[in-house]
Amino acid sequence: SRDDIDLAESVLESVKLARDDFDSMNIELIICDDYSKIPKALDCANLFINKKVKAVIGHFNSETSIATSRLYARNKIIQISPCSTHPWLTYQNDVQGNVFRAISIDIIQAQIIASLVHKLNQDLKFKKILLIDNNSLFSSNLSALIEAEISKSPVKFSFKHQSLIKKNSNIDLIPKEFQPDLIIFVGGYIDAAKILSDSYFKKNKKTVFIGSDGTYSDTLLRLAHSKSNGAYIIGANINPESKEFQEYSKKLKQKYKSEVSADGIYGYDAASILFSAIFAHERGEYPSISEALQKMTFKSLGREIRFDEHGDPIESTYAIYRIENADFRKINILSSI
C-alpha cells in the first residue's frame with residue numbers, strides 16, 4: 001500500500017543519513033525490498049547471506065523479522081529491526097545475542113496509552129471509547145492490547161472496535177450508532193489526518209483523539225493542520241530540542257524533502273546504533289559486534305539507548321505528545337496534562 005511504501009522510504013532515508021554520519025567507515029548498503037511478505041523476506045535474507053554482510057537493518061514488520069531471524073543467527077549475521085514490536089522476535093532462545101530492535105514491544109505502548117487515558121479521564125470522564133485500526137494484523141492486535149490495559153482499571157468504559165476499509169476513502173469513519181467521547185487510532189499518519197478531518201470532530205468538539213506511534217509525523221500536521229490541535233500522539237521518545245535532532249530534521253528535509261516520522265526516527269536509531277557497534281568492534285574495544293551492542297550505551301537524537309539481555313531497549317522508546325498550534329509538544333502524563 002502507499003502507506004507501507006511511505007513508511008519504508010522514511011526508514012531507508014534515515015538509514016542513509018546515519019550512513020553519511022559514519023562516512024569514514026565506507027559502509028556499503030545492500031537494499032532488498034521484502035514487500036512485507038515472508039517468502040520474499042527469506043529471499044532477501046539468502047541474498048544477504050550470499051553477499052556475506054555483517055549485519056541487517058530490518059526487517060520492517062514483525063512477521064518478516066521473525067521469519068528471517070534464525071537464518072541470520074545461524075549465519076552469524078547481526079539483525080537489528082527498526083520497527084518490529086512483537087515480543088517473539090527477541091525472545092527466541094536460539095537468536096539471543098544476535099537479534100536486536102530499536103523500538104519497544106507492543107505492550108509498552110499499550111500501557112502508555114492506558115495511562116494517558118486514565119489520567120485524562122480524571123477530568124473528562126469518558127464513557128464511550130472507539131478503537132479504530134487500519135485493518136492490519138499488527139494494528140488489530142495492538143488495539144486489543146490497549147483495550148485490555150485500559151480495562152484493568154476499576155473504571156468501566158463502553159468499547160467499540162472498527163477497522164478502516166482502505167478501498168473506500170469516503171467511508172463514515174465514526175459510526176452513527178456509537179458516539180464516542182474518546183477515539184484511539186492505531187495506524188498511520190495519513191489515515192489519522194482523515195479521521196481528525198472528519199465532520200464528527202466539528203460537531204463534537206470535546207471528543208479526544210489519541211494516535212499510536214505510527215501517526216507521529218510532520219505529514220500529519222501538514223495534512224490536518226489546525227484540525228489536529230488538541231490531539232494526543234504517541235511518538236518516538238527523542239529530545240526534540242536537542243542539536244542532534246534539529247540537525248537530523250534539517251538534513252532529512254534538505255536531502256530528501258521528507259518530513260520527520262516515528263518510523264524514520266527508529267530507522268536512524270537502528271542504523272546509528274549498528275554503525276557505532278561495528279566501529280567500536282573494529283577499533284578493538286569489543287571482541288564482536290554482538291558484544292558491543294549488548295554492552296555499549298548509544299547516543300541518538302538527544303538521548304541514550306541501551307539494550308537488555310534480550311536485545312530490547314531498556315528504556316521505553318515511546319513518548320506522549322500533544323499537538324498545539326500544529327506542532328508536537330512533548331508532555332509528561334504524571335505532571336503536565
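This report describes selected local features of a predicted model, taking the cysteines, the sheets and a few individual residues in turn.

## Cysteines and the disulfide

The predicted structure holds one disulfide, which is formed by C32 and C44 with their sulfur atoms 2.0 Å apart. The pair links distant parts of the chain, since C32 sits in the loop between helix 1 (2–21) and helix 2 (38–50), while C44 belongs to helix 2 and is twelve residues apart from C32. The link of C32 and C44 is left-handed, with -70° about the S-S bond. The two partners are described by separate accessibility values: C32 counts as partly exposed because its relative accessibility is 24%, whereas C44 is buried, with a relative accessible area of 0%.

C83 counts as buried, because its relative accessibility is 11%.

An open sheet of three strands has the order 1-2-3, and its pairing is parallel. Its edges are formed by strand 1 (55–57) and strand 3 (99–101), each of which pairs on one side only. On average, and with direction ignored, neighbouring strands of this sheet are turned by 15° against each other. Strand 2 (residues 78–81) and strand 3 run parallel and are joined by three bridges; as part of this pairing, Q79 has V99 in strand 3 as its bridge partner.

Helix 3 (residues 62–74) lies across strand 1, strand 2 and strand 3, and it runs at about 160° to strand 2. In the loop between strand 1 and helix 3 one finds H59, which is joined to G58 by a cis peptide bond with omega of about 0°.

Strand 4 (residues 128–133) pairs with strand 5 (residues 158–163) in the parallel sense, over six bridges.

G211 has its place in strand 7 and is buried, with a relative accessible area of 0%. When residues up to four places away in sequence are not counted, G211 touches F185, Y232, I233 and I234. The C-alpha atoms of G211 and V186 are separated by 6.2 Å, although these residues are 25 residues apart along the chain.

S217 lies in the loop that connects strand 7 (208–211) and helix 9 (218–224). S217 counts as buried because its relative accessibility is 1%, and its side chain reaches the backbone nitrogen of T219 at 3.0 Å. Leaving aside residues up to four places away in sequence, S217 touches Y189, V260, S261 and F328.

Which value does phi of N26 lie near? Phi of N26 is near 55°, a positive value in a residue other than glycine. N26 is found in the loop between helix 1 and helix 2, and this residue counts as exposed because its relative accessibility is 68%, the cut-off for that class being over 50%.

Phi of A326 is also near 55°, again a positive value in a residue other than glycine. A326 lies in the loop between strand 11 (318–323) and strand 12 (328–331). At 18% relative accessibility A326 counts as buried, because that class covers values under 20%.

Note on methods: Residues numbered from 1 in each chain as written. Predicted model: local features only at pLDDT ≥ 70, side-chain atom pairs only at ≥ 80, totals over all residues. Heavy atoms only, no water. Pairing = 2+ DSSP bridges. Helix = DSSP H or I, 4+ residues; strand = E, 2+ residues; numbered from the N terminus. Buried < 20%, exposed > 50% of the residue type's maximum accessible area, 1.4 Å probe, protein only. Polar contact = N/O pair within 3.5 Å; in protein donor to acceptor, adjacent residues only side chain to side chain. Contact = heavy atoms within 4.5 Å. Disulfide = S-S within 2.5 Å. Axes fitted to C-alpha atoms, helices over the stretch in contact; angles between N-to-C directions.
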